Amino acid sequence: LITYSMANPFSIVCESVGGSLTSKGKLNVPNRKTIETPAILMHTNAGAVPHLTKDVVQSMIGGNKLFFNMSLGHFIKFPGTHGLKEMKQNIQEFTSIEELQFPTYLSVQDPLKPIPHHFNDTHTVSVWDCSGRRRINVSDFAEFVKQAVPDMFESLSDTVQCPVSTKRIDKSISRSIDHLDGLINILGTDSKNKLFACLEGGDLL
């Protein structure tokens with residue numbers, strides 16, 4: 001048993017036996033329900049689960065085995081950082097899921113949509129919203145995170161699709177590390193308690 005602390009929000013409560021690779025644990029997020037793992041990372045479209053109302057989600061799945069995935073592209077244009085600031089709301093309040101008390105995870109890309117490659121550069125990552133491509137730098141993303149206040153979020157990363165050269169993969173990892181360092185410098189070391197570092201090398205592992 002690993003006790004909870006801000007530096008260690010994930011605690012293992014039962015390790016599996018008999019050769020199985022699975023284990024049970026608890027994800028402790030301040031001011032949210034404690035999530036028992038393995039759990040469901042529920043995809044949302046702008047904060048809403050497709051085809052399901054909040055009441056249905058809570059009654060059918062509910063419990064302590066659910067947290068919501070929200071994608072940057074769904075929010076970067078509207079409400080955007082400025083809109084959230086004007087409304088004095090975080091992303092949970094804007095999407096009306098605050099009352100459910102499930103943790104939220106902010107991803108840079110929509111995991112259910114193919115990611116067009118070759119659009120990133122040294123300082124920006126391309127994100128697609130309803131009006132097309134947006135180039136997001138570390139400062140833009142950090143400002144959005146500070147206003148949206150997700151429970152967990154990932155860093156910007158320069159994703160590539162193989163087959164590509166080893167040189168391009170090295171460049172991808174170097175850019176992603178720079179994005180990560182820049183994000184921590186802006187948000188401060190406290191952000192590391194809920195930040196997932198993305199250091200992707202494409203499909204070449």
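Analyst: Happy to. One term before we start: a salt bridge is a side-chain nitrogen of Lys or Arg within 4 Å of a carboxyl oxygen of Asp or Glu. With that in hand, Arg32, Glu98 and Asp151 are linked in a network of salt bridges. Please keep in mind that this is a predicted model.

User: Thanks! How many salt bridges does the structure hold?

Analyst: The structure holds 8 salt bridges. In general, side chains of opposite charge can pair when their charged atoms come close.

User: Let me zoom out for a second. How many helices and strands are there?

Analyst: The protein has 5 helices and 10 strands. Its chain counts 205 residues, and 41% of them are buried. The accessible surface comes to about 11600 Å², with 55% of that belonging to carbon and sulfur atoms.

User: And what share of the contacts between residues at least 6 apart joins residues at least 24 apart?

Analyst: That share is 65%.

User: Okay, let's look at a helix. Which residues of H4 are buried?

Analyst: Helix H4 spans residues 138-148, and its buried residues are Val138, Phe141, Ala142, Phe144, Val145 and Ala148. They cover an arc of only 165° around the axis, so they sit on the same side of H4.

User: What covers them?

Analyst: The cover includes helix H2 (80-87), helix H3 (91-94) and helix H5 (166-187), along with strands S6 (104-107), S8 (132-137) and S9 (152-154).

User: What goes on at the start of H4?

Analyst: There, a side-chain oxygen of Asn137 comes to within 3.2 Å of the backbone nitrogen of Ser139. Just after H4, Val149 takes a positive phi of about 50°.

User: Which residue does Lys146 form a salt bridge with?

Analyst: The partner of Lys146 is Glu143, and the closest N and O atoms are 2.9 Å apart. Lys146 and Glu143 are 3 residues apart in helix H4, so about one helical turn separates them. As for the general rule, an α-helix has 3.6 residues a turn, so residues three or four places apart point the same way.

User: Are those two buried, or partly exposed?

Analyst: Lys146 is partly exposed at 44% relative accessibility, and Glu143 is partly exposed too, at 37%.

User: Switching topic: where is Asp158?

Analyst: Asp158 is in the loop between S9 and H5. Its relative accessibility is 0%, so Asp158 counts as buried.

User: Which residues is Asp158 in contact with?

Analyst: Setting aside neighbours within four places in sequence, Asp158 is in contact with Asn120, Arg168, Lys171, Ser172, Arg175 and Ser176. With Asn120, the side chains are joined by a polar contact of 3.0 Å. With Arg168, Asp158 forms a salt bridge whose closest N and O atoms are 3.0 Å apart. That pair links distant parts of the chain, since Arg168 is in helix H5 while Asp158 is in the loop, 10 residues apart. Arg168 itself has 21% relative accessibility, so it counts as partly exposed.

User: What about Arg135, which residue does it form a salt bridge with?

Analyst: Arg135 forms one with Asp121, and the closest N and O atoms are 2.7 Å apart. This pair also links distant parts of the chain: Arg135 belongs to strand S8 and Asp121 to the loop between S6 and strand S7 (124-129), 14 residues apart. Asp121 is partly exposed, at 22% relative accessibility.

User: Back to S9 for a moment. Is Glu154 buried or exposed?

Analyst: Glu154, which lies in strand S9, counts as buried because its relative accessibility is 14%, and the cut-off for buried is under 20%. The side chains of Glu154 and Tyr105 are joined by a polar contact of 2.7 Å. Other contacts of Glu154 include Phe141, Leu195 and Cys198.

User: How many residues apart are Glu154 and Leu195 in sequence?

Analyst: They are 41 residues apart in sequence, and 5.5 Å apart in space, C-alpha to C-alpha.

User: Last one: which residues make the nonpolar surface patch?

Analyst: Ile40, Leu52, Met60 and Ile61 make that patch, about 340 Å² in area. Ile40 lies in strand S4 (residues 40-43) and is partly exposed, with a relative accessible area of 40%.

How values were computed:
Residues are numbered from 1 along each chain as its sequence is written. This is a predicted model: local features need pLDDT of at least 70, side-chain atom pairs count only at pLDDT 80 or more; totals for chains, interfaces and linings use all residues. Side-chain values use heavy atoms; hydrogens and water are left out. Patches are made of residues with over 30% relative accessible area and no salt bridge: like charges are joined within 9 Å, nonpolar side chains (Val, Leu, Ile, Met, Phe, Trp, Tyr) within 5 Å. Accessible areas come from the Shrake-Rupley method with a 1.4 Å probe; for residues, only the protein chains shown count as cover. Helices (H or I, at least four residues) and strands (E, at least two) are DSSP runs, numbered from the N terminus. Buried means under 20% relative accessible area, exposed over 50%, partly exposed in between (1.4 Å probe, protein chains only). The arc is that of the directions from the helix axis to the C-beta atoms. Contact means heavy atoms within 4.5 Å. A polar contact is a pair of N or O atoms within 3.5 Å; within protein, one must be able to donate a hydrogen and the other to accept it, and residues adjacent in sequence count only if both atoms are side-chain atoms.
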